[in-house]
Amino acid sequence: ANGATLQIEAGVEVHFAQDGVIFVNPGGRLLVAGSAEAPVTLRGQGDAAAGHWRHIYAYLSATVQLDQCRILHAGRNGAGAVEIYGSTVTLRDCVIQESGGPGVLLGSAAISPRLERLHLAQNVGPGIRQATVDMNPTYIGVSMSGNGLDAVEIPTSTVGRNVTLNGPLDALGGLPFVVDKLTVASGQSLTITAGTQLHFRTDGLLYVNPGGRLLVAGSAEAPV
């Protein structure tokens, strides 16, 4: 609820029934305080598989901090194991595995959550799906293996503010952004930093409207 906090301490295991969910409402806080020696585990109940329970859902203005946790068997009906719709969200030193959809869904424009040393494995969907290019998440030390797509997936969308795609080795470990059709609106800019990889789907394009700006900032050591 608004103004309330749920804190989960190191070493705790939470087993979710089918269709279970954690909603973090605007003004609410979820603090998962695992440690390297005693991570928090959030998983499906019993002999669970991918898509057993729904997800952690962080609304706009919710505060979510997940440290040293394991999230297993979420993503019911193709949902993201963690769905983020606000900026005051940090995932750090966590593993998200066996989701029935993407590992993480970044669901709103204009958000800037932080994903740090996150490993995404064996999820049915992509490791990370951005609902739009029009956001500025921070990726640090993200790794992926065995997902439906080992990449950050971005559908057809428009840059409606100044956006940076930042995916060098220390951010995404050489993993690409996989994109469809991207448009840079008039008066806005899209910056692509050194070492970032963009992989375009069939018939993909990058269209810069009159008055828009595309800045590709590669280097000799780390071309785009």
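This is a predicted model: local features need pLDDT of at least 70, side-chain atom pairs count only at pLDDT 80 or more; totals for chains, interfaces and linings use all residues.
Let's start at the surface. V208, L214, V216 and V224 form a nonpolar patch there.

Take V208. This residue belongs to strand β23, residues 198–208. Its relative accessibility is 31%, so V208 counts as partly exposed.

L214 is in β24, and L190 stands opposite. Strand β22, residues 189–193, pairs with β24 in the parallel sense, over five bridges.

Step back to the sheet. Three strands make an open sheet in the order β20-β22-β24, with parallel pairing. Which strands stand at the edges? They are β20, 163–165, and β24, 213–217. Each has a single partner strand, so one side of each is left without a neighbour in the sheet. On average, neighbouring strands here are turned by 15° against each other, direction ignored.

On to the aromatics. How many aromatic pairs are there? The count is six. Look at Y139 and F177. Their ring centres are 6.4 Å apart and their planes sit at 55°, so the pair is tilted. Y139 lies in strand β16, residues 138–140. F177 lies in strand β21, residues 177–184. The pair therefore ties together parts that are 38 residues apart in sequence.

Buried or exposed? Y139 is at 5% relative accessibility, so Y139 counts as buried. F177 is buried too, with a relative accessible area of 1%; the cut-off for buried is under 20%.

One last item. F23, Y57, Y59 and Y85 form one aromatic cluster.

Notes:
Residues are numbered from 1 along each chain as its sequence is written. Side-chain values use heavy atoms; hydrogens and water are left out. Patches are made of residues with over 30% relative accessible area and no salt bridge: like charges are joined within 9 Å, nonpolar side chains (Val, Leu, Ile, Met, Phe, Trp, Tyr) within 5 Å. Accessible areas come from the Shrake-Rupley method with a 1.4 Å probe; for residues, only the protein chains shown count as cover. A salt bridge is a side-chain nitrogen of Lys or Arg within 4 Å of a carboxyl oxygen of Asp or Glu. Helices (H or I, at least four residues) and strands (E, at least two) are DSSP runs, numbered from the N terminus. Buried means under 20% relative accessible area, exposed over 50%, partly exposed in between (1.4 Å probe, protein chains only). Two strands pair if DSSP finds at least two bridges between them. Axes are lines fitted to C-alpha atoms, for helices over the stretch in contact, and angles run from 0 to 180 degrees between N-to-C directions. Rings of Phe, Tyr and Trp (its six-membered ring) pair if their centres lie within 6.5 Å; planes under 30 degrees apart count as stacked, over 60 as edge-to-face and the rest as tilted.
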